[in-house]
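Keep the model open as you read.

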Amino acid sequence: LLLIDSTNAEVSGLIPSERVVGRTLQDVFAEATGRIVVTTFASHIHRVQQVLTATRELGRRACFIGRSMVRNTAIARELGYLAYDDADIVELDQVDRLPPDEVVIVCTGSQGEPFAALSLMAVGQHRQIEIGPGDTVVMASSVIPGNEHAIFRAINNLFRRGATVVH
C-alpha cells in the first residue's frame with residue numbers, strides 16, 4: 001500500500017518540470033542588479049542545487065541562513081546529493097563584506113514561519129541581514145494551504161522595505 005500526499009494534488013492538469021524552475025531562476029538572477037535572497041524548503045535539495053547552479057553561473061557566491069537550511073545542505077553535500085565548491089559559499093559574517101551583486105542568500109521562511117530567517121528579514125529583525133531597495137527576494141516554493149496569510153504578510157513587508165519580490 002502506498003499512501004502519498006502532495007501540494008496541489010486536487011488541481012487537475014500537468015505540473016511544469018523542475019527544468020522550467022531552473023531556467024526561471026537563472027532568468028530572475030540575470031535580471032537582478034543587487035543582492036538576491038531565495039527562500040525555499042530546506043528539504044528541497046534539488047531546488048537548492050538549482051539555486052547554487054544559477055548562483056555560480058552568474059559569478060555570485062551563496063550563503064545559507066536558517067538552522068534547517070544550514071543543517072540540510074551540509075548533510076546533502078556529505079551524502080553526495082548537493083554539489084558545490086567551497087569557493088562558491090560565503091559565511092553569514094562575510095556577506096556584508098561583498099558587493100551586493102555578488103551574493104545570493106539561500107534561507108528558510110518560504111511559508112512565513114514567524115521566526116524563520118526570511119520572516120525576520122521582512123520585519124527588520126534579523127540580526128545580520130537587512131532587506132532594502134535593490135534586493136530581489138525569490139519565493140521558490142509553493143504556498144502550502146493554510147499558510148497564505150503568513151506568506152503574504154511577509155511579501156507585503158518585503159515590498160515595504162523596498163525589495164523586488166518574485167513569487
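Which backbone oxygen does the side chain of Thr73 reach at 2.7 Å? It is the backbone oxygen of Met69, and the side chain of Thr73 also reaches the backbone oxygen of Val70, at 3.2 Å. Both are polar contacts, that is, pairs of N or O atoms within 3.5 Å; within protein, one must be able to donate a hydrogen and the other to accept it, and residues adjacent in sequence count only if both atoms are side-chain atoms.

Before going further, a word on the ground rules: this is a predicted model, in which local features need pLDDT of at least 70 and side-chain atom pairs count only at pLDDT 80 or more, while totals for chains, interfaces and linings use all residues. Residues are numbered from 1 along each chain as its sequence is written, and side-chain values use heavy atoms, with hydrogens and water left out.

Back to Thr73, which sits in helix α3. Helices (H or I, at least four residues) and strands (E, at least two) are DSSP runs, numbered from the N terminus. Thr73 counts as buried because its relative accessible area is 1%; buried means under 20%, exposed over 50% and partly exposed in between, with a 1.4 Å probe and protein chains only. Leaving aside neighbours within four places in sequence, Thr73 is in contact (heavy atoms within 4.5 Å) with Val48, Phe64, Leu82 and Tyr84.

Gln49 has 19% relative accessibility, so it counts as buried.

Now look at the loop between α4 and β4, where you will find His126. Its relative accessibility is 15%, so His126 is buried too. A polar atom of the His126 side chain lies 3.0 Å from the backbone nitrogen of Gln128, and the side chain of His126 reaches the backbone nitrogen of Ile129 at 3.1 Å. Not counting residues up to four places away in sequence, His126 touches Ile65, Leu92, Ala117, Leu120 and Met121.

What about the cysteines? The structure holds 0 disulfides, a disulfide being a pair of cysteine sulfur atoms within 2.5 Å. The sulfur of Cys63 has its closest cysteine sulfur in Cys107, 9.4 Å away, and therefore too far for a bond. Cys63 is buried at 1% relative accessibility, and Cys107 is buried at 0%.

Finally, the pockets. On a 1 Å grid over the protein atoms alone, a pocket is an open set of points where a 1.4 Å probe fits, with protein on both sides within 12 Å along at least five of seven lines; lining residues have an atom within 4 Å of a point. Grid points are joined across faces, edges and corners, and a volume is the space filled by probe spheres set on the points.

The largest pocket has a volume of about 600 Å³. It is lined by 23 residues, and Glu18, Val21, Arg47, Ser141 and Ser142 lie nearest its centre. α1 gives the most to this lining, with 6 residues.

The second largest pocket has a volume of about 510 Å³. Of its 24 lining residues, Phe64, Ile65, Gly66, Arg67 and Val70 are the closest to its centre. The largest share of this lining, 6 residues, comes from α3, the helix in which Thr73 is found.
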